[in-house]
Amino acid sequence: MHFDYTARFTQALADLHSDGRYREFREIVRKAEAFPAAVWNSPDGPRDITVWCSNDYLGMSRHPAVIATLAETAQHCGVGAGGTRNLSGTSGPMVALERELAKLHNTDAALVFSSGYVANQTTLATLGILLPDCVFLSDANNHNSIIEGLKRAGGEKRIFRHNDVAHLRALLQEVPAGRPCVIVFESVYSMDGDIAPLAEICDLAEEFGAFTYLDEVHAVGLYGARGGGVAERDGVEQRIDLIQGTLGKAFGTVGGYIAGKANLIDAVRSYAPGFVFTTALPPPLCAAAAESVRIASEATALRCTLHENVARTRAALLAKNLPVMPAASHIVPVHVGDAFRCRALSDRLITQHGIYIQPVNYPTVARGQERLRITPSPGHTEAHIAALTDALCEVWSSVT
């Protein structure tokens with residue numbers, strides 16, 4: 001008798017449904033001219049909605065200059081890269097984008113990948129190749145892309161308690177002097193919205209001779225005088241060995257990158273299979289991303305509006321005694337604690353109130369930590385915030 005593949009796949013999906021963890025993708029059409037408005041193609045037909053869970057934090061995906069740059073470059077260069085970076089894929093717009101990213105982070109060089117996930121996964125795996133016998137010290141709340149990268153890196157891995165510098169110190173003390181050691185951490189943790197103590201981690205790295213790897217994916221564009229991230233805001237950019245970021249969140253396009261010293265970036269470029277053997281980003285996207293970075297780096301007022309809206313949203317929800325989790329960033333998590341209820345709250349918000357907030361369940365967060373993750377933007381108005389608050393109060397009392 002042959003193995004029943006269909007039955008196995010069917011059972012795997014049934015397991016997700018029974019656990020309340022089956023992911024449903026809502027088909028939405030974003031309105032560039034009316035951000036954060038969108039149309040939900042619901043089972044009953046198109047519905048106007050307001051999006052409250054987008055990572056397009058500044059709305060840069062709909063900026064007229066970014067759109068015009070993409071269209072113009074497509075006319076001149078076509079829509080594809082034509083190959084890997086080594087085989088005809090290193091376009092002028094790609095080189096210009098990497099220069100813009102290096103400038104953003106005050107580093108020698110930058111290297112662009114197809115996504116932030118790939119940037120983490122590939123770079124960490126490559127550090128394992130470049131640093132034999134390395135010990136990786138990783139924050140307990142690090143993103144899945146980091147976890148997967150560390151699996152591929154090989155070598156020894158030790159996990160320190162989330163943002164716990166005392167535990168990190170204790171682990172560093174166990175590493176023999178002279179052995180390569182990489183501390184891997186994020187600046188803004190996207191599910192809890194808390195921020196790492198960057199300066200304290202840098203102090204420990206310098207004391208013990210460790211290499212610092214900082215994921216700024218949820219911070220670039222949003223913090224610092226020029227949007228360089230929390231490292232820029234906290235004045236520790238020059239103390240970080242490697243910064244990893246994304247173009248797909250605050251910069252509103254797609255792709256990931258790393259930035260650091262020239263020889264480090266060149267070594268990753270030369271040894272990383274996930275970079276060497278994949279098709280390069282298309283020139284129009286590179287040009288649009290570079291334009292977005294340039295605009296966002298000067299968009300102080302836009303960043304201020306974002307953070308003001310975050311404060312207003314948080315205050316409005318707390319005033320209604322909704323279980324808003326404490327967070328020092330632009331992310332407003334609301335604790336639910338049950339996968340089925342989290343899904344039901346999300347469903348009622350969109351069907352009854354036209355408000356889209358995707359439920360966040362295990363394995364993105366631990367069981368019992370299910371939540372609604374709210375991301376205010378500069379485009380959300382006081383009327384939007386009031387509508388959100390009223391809707392959350394209604395669904396909270398209706399869904400048990």
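1. Is Phe 275 buried or exposed? Phe 275 is buried, because its relative accessible area is 7%, and buried means under 20%. This is a predicted model, so that value is computed from predicted coordinates. Phe 275 sits in helix H11. Beyond its sequence neighbours up to four places away, Phe 275 touches Arg 85, Leu 111, Val 112, Phe 113, Thr 122 and Arg 269. Glu 206 is another matter: 69 residues separate it from Phe 275 along the chain, and the two C-alpha atoms are 30 Å apart.

2. Next, Leu 281. This residue is in the loop between helix H11 (273-276) and helix H12 (283-297). Leu 281 counts as buried, with 9% relative accessibility. With neighbours within four places in sequence left aside, its contacts are Ala 81, Met 94, Val 112, Phe 113, Ser 114, Val 254, Gly 255 and Cys 286. Val 112 and Phe 113 are also among the residues that Phe 275 touches. From Leu 281 to Ala 38 the C-alpha distance is 27 Å, and the sequence separation is 243 residues.

3. Now the cores. The largest nonpolar core holds 86 residues. Leu 137, Ile 183, Phe 185, Ile 357, Leu 372, Ile 374 and Leu 392 have the most contacts inside it. Take Phe 185 as an example. Sequence neighbours within four places aside, Phe 185 is in contact with Asn 142, Ala 196, Leu 198, Ile 201, Thr 212, Tyr 213, Leu 214, Asp 215 and Ile 240. There is also a second, separate core of 23 residues. Leu 124, Leu 127, Val 268 and Ala 272 are included in that second core.

4. Thr 313 deserves a look. It is found in helix H13 (residues 300-319). Thr 313 counts as buried, at 1% relative accessibility. Not counting residues up to four places away in sequence, Thr 313 touches Trp 52, Ile 374, Pro 376, Ile 385 and Leu 388. One of these, Ile 374, is listed among the residues with the most contacts inside the largest core.

5. Helix H5 has two packing partners to check; start with H6. H5 covers residues 116-130 and H6 covers residues 144-153. Their axes come within 7 Å and cross at roughly 25°. H5 and H6 are therefore roughly parallel to each other, as that term covers angles under 35 degrees. The crossing is right-handed. On the H5 side, the residues that meet H6 are Tyr 117, Asn 120, Gln 121, Leu 124, Ala 125 and Gly 128. On the H6 side they are Asn 144, Ser 145, Ile 146, Glu 148, Gly 149, Leu 150, Arg 152 and Ala 153. By class, this contact of H5 with H6 has six nonpolar, six polar and two charged residues.

6. The other partner is helix H10 (residues 262-271). Here the axes are 10 Å apart and the angle is about 95°. That makes H5 roughly perpendicular to H10. H5 brings Thr 123, Thr 126, Leu 127, Ile 129 and Leu 130 to the contact. H10 brings Leu 264, Ala 267, Val 268 and Tyr 271. The contact of H5 with H10 divides into seven nonpolar, two polar and no charged residues.

7. Some backbone details call for a check. Most residues other than glycine have a negative phi, and most peptide bonds are trans. Which residues are joined by a cis peptide bond with omega of about 10°? Phe 35 and Pro 36 are. Pro 36 is in the loop between strand S1 (28-30) and strand S2 (37-42). The bond from Tyr 362 to Pro 363 is cis too, with omega near 10°. Pro 363 lies in the loop between strand S13 (359-360) and strand S14 (371-374).

8. Ser 88 is not a glycine, yet its phi is positive, at about 75°. Ser 88 is found in helix H3 (residues 85-89). Ser 88 is exposed, with a relative accessible area of 59%. Asn 321, also a residue other than glycine, has a positive phi near 60°. Asn 321 is in the loop between H13 and strand S11 (332-335). At 71% relative accessibility, Asn 321 counts as exposed.

Methods: Residues numbered from 1 in each chain as written. Predicted model: local features only at pLDDT ≥ 70, side-chain atom pairs only at ≥ 80, totals over all residues. Heavy atoms only, no water. Core = buried A, V, L, I, M, F, W, Y, C linked by side-chain atoms within 4.5 Å. Buried < 20%, exposed > 50% of the residue type's maximum accessible area, 1.4 Å probe, protein only. Contact = heavy atoms within 4.5 Å. Axes fitted to C-alpha atoms, helices over the stretch in contact; angles between N-to-C directions. Helix = DSSP H or I, 4+ residues; strand = E, 2+ residues; numbered from the N terminus. Parallel < 35°, antiparallel > 145°, perpendicular 65-115°, else oblique. Left-handed = near helix turned anticlockwise from the far one by under 90°. Nonpolar A, V, L, I, M, F, W, Y, C, P; charged D, E, K, R; others polar.
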